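Student: Can we go through this one together? I'll ask as I look.
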2 protein chains.
Amino acid sequence: MSSDDPAEVNPDLYRVVFENERVRVLEYLDHPGDMTRPHIHPDSVMITASAFDRRLVHGDQEVTVHLEAGEVRWLDAQTHSGHNIGANDTHTFFVELKEPRLSGSTTERTLGPSAP
Amino acid sequence: MSSDDPAEVNPDLYRVVFENERVRVLEYLDHPGDMTRPHIHPDSVMITASAFDRRLVHGDQEVTVHLEAGEVRWLDAQTHSGHNIGANDTHTFFVELKEPRLSGSTTERTLGPSAP
């Protein structure tokens with residue numbers, strides 16, 4: 001991973017909890033007001049362990065995300081930084097896919113998690 | 001997926017909560033004493049949402065699994081059936097990898113989840 005690896009740029013917030021040839025799994029835990037430095041996510045599945053309110057920023061793009069605990073979302077490969085704008089800790093897991101996309105999807109990539 | 005698809009053979013216990021070209025995500029929820037019919041998991045990441053005690057069986061192989069909530073485990077592609085042998089519901093997520101393994105790993109496959 002590059003130096004844009006979230007586990008390297010925000011080691012206080014992102015923890016590697018599993019890794020093999022196919023996947024790496026990150027656990028993210030922060031507190032209200034915490035912000036991440038810009039970092040890269042490969043294509044990932046996010047499974048939330050808490051409800052949260054976050055603002056995600058990349059360049060001049062910005063999205064606000066509210067999710068409940070136990071939600072599952074796809075995250076297109078992307079660079080962003082995040083800000084906990086809610087009143088509660090953010091606790092979530094990311095299952096990162098280490099292999100390249102096999103299908104040549106030309107779908108426009110979305111900042112932040114997919115729609116459900 | 002074949003008719004050994006867990007979402008087809010145990011639709012009361014396995015629910016498809018997300019699917020795209022790369023992954024399918026299953027949510028599993030049962031009650032003490034529940035048993036699954038034999039089914040196939042592709043290479044998957046399991047993230048537990050509850051603690052549980054289960055017995056997994058494939059042919060003459062059998063393993064007993066105790067996990068806490070919030071644990072992350074790799075599941076090698078495998079066929080098995082499961083039995084909730086504990087006192088609590090089992091609630092867990094499976095992120096199934098739909099693409100074939102790129103690396104020709106010859107590691108022996110493990111019944112049940114990997115060691116941490």
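Student: Is Arg73(B) buried or exposed, and why?
Tutor: Arg73(B) is buried because 20 other C-beta atoms lie within 10 Å. The cut-offs are 20 or more other C-beta atoms within 10 Å for buried, 12 or fewer for exposed, and partly exposed in between, with C-beta atoms placed from the backbone. Note that this is a predicted model, where local features need pLDDT of at least 70, side-chain atom pairs count only at pLDDT 80 or more, and totals for chains, interfaces and linings use all residues. Residues are numbered from 1 along each chain as its sequence is written, and chains are lettered from A and ligands numbered from 1 in the order in which they are written.

Student: Which residues does Arg73(B) touch?
Tutor: Leaving out residues up to four places away in sequence, Arg73(B) touches Met46(B), Pro113(B) and Ser114(B). Contact means that the C-beta atoms, placed from the backbone, lie within 7 Å. Gly112(B) is 39 residues from Arg73(B) along the chain, with 9.4 Å between their C-alpha atoms.

Student: Which strand is Arg73(B) in?
Tutor: Arg73(B) sits in β7 of chain B. Strands here are DSSP runs of E, at least two residues, numbered from the N terminus.

Student: What is the strand order in that sheet?
Tutor: In chain B it is an open sheet of 5 strands, ordered β1-β2-β9-β4-β7, with antiparallel pairing. Two strands pair if DSSP finds at least two bridges between them. The edge strands of chain B are β1 (14-19) and β7 (72-75), each pairing on one side only.

Student: How many bridges join β4 and β9 of chain B?
Tutor: β4 (residues 44-48) and β9 (residues 90-97) of chain B run antiparallel and are joined by 5 bridges. Ile47(B), for instance, has Phe93(B) in β9(B) as its bridge partner.

Student: Switching topic: how many residues does each chain put into the contact?
Tutor: Chain A gives 22 residues and chain B gives 22 residues. On the side of chain A that touches chain B, β9(A) supplies the largest share, 3 residues. That side has 13 nonpolar, 4 polar and 5 charged residues. Nonpolar covers Ala, Val, Leu, Ile, Met, Phe, Trp, Tyr, Cys and Pro; charged covers Asp, Glu, Lys and Arg; the others, Gly among them, are polar.

Student: What rotation superposes chain A on chain B?
Tutor: A rotation of 180° with 0.0 Å of shift along its axis does it, at RMSD 0.0 Å. The two copies are therefore related as by a two-fold rotation axis. The superposition is by least squares on C-alpha atoms of residues with pLDDT of at least 70 in both.

Student: Why do the copies meet through the same surface?
Tutor: Because 100% of the interface residues of chain A are also interface residues in chain B.

Key:
Two residues are in contact if their C-beta atoms, placed from the backbone, lie within 7 Å. Helices (H or I, at least four residues) and strands (E, at least two) are DSSP runs, numbered from the N terminus.
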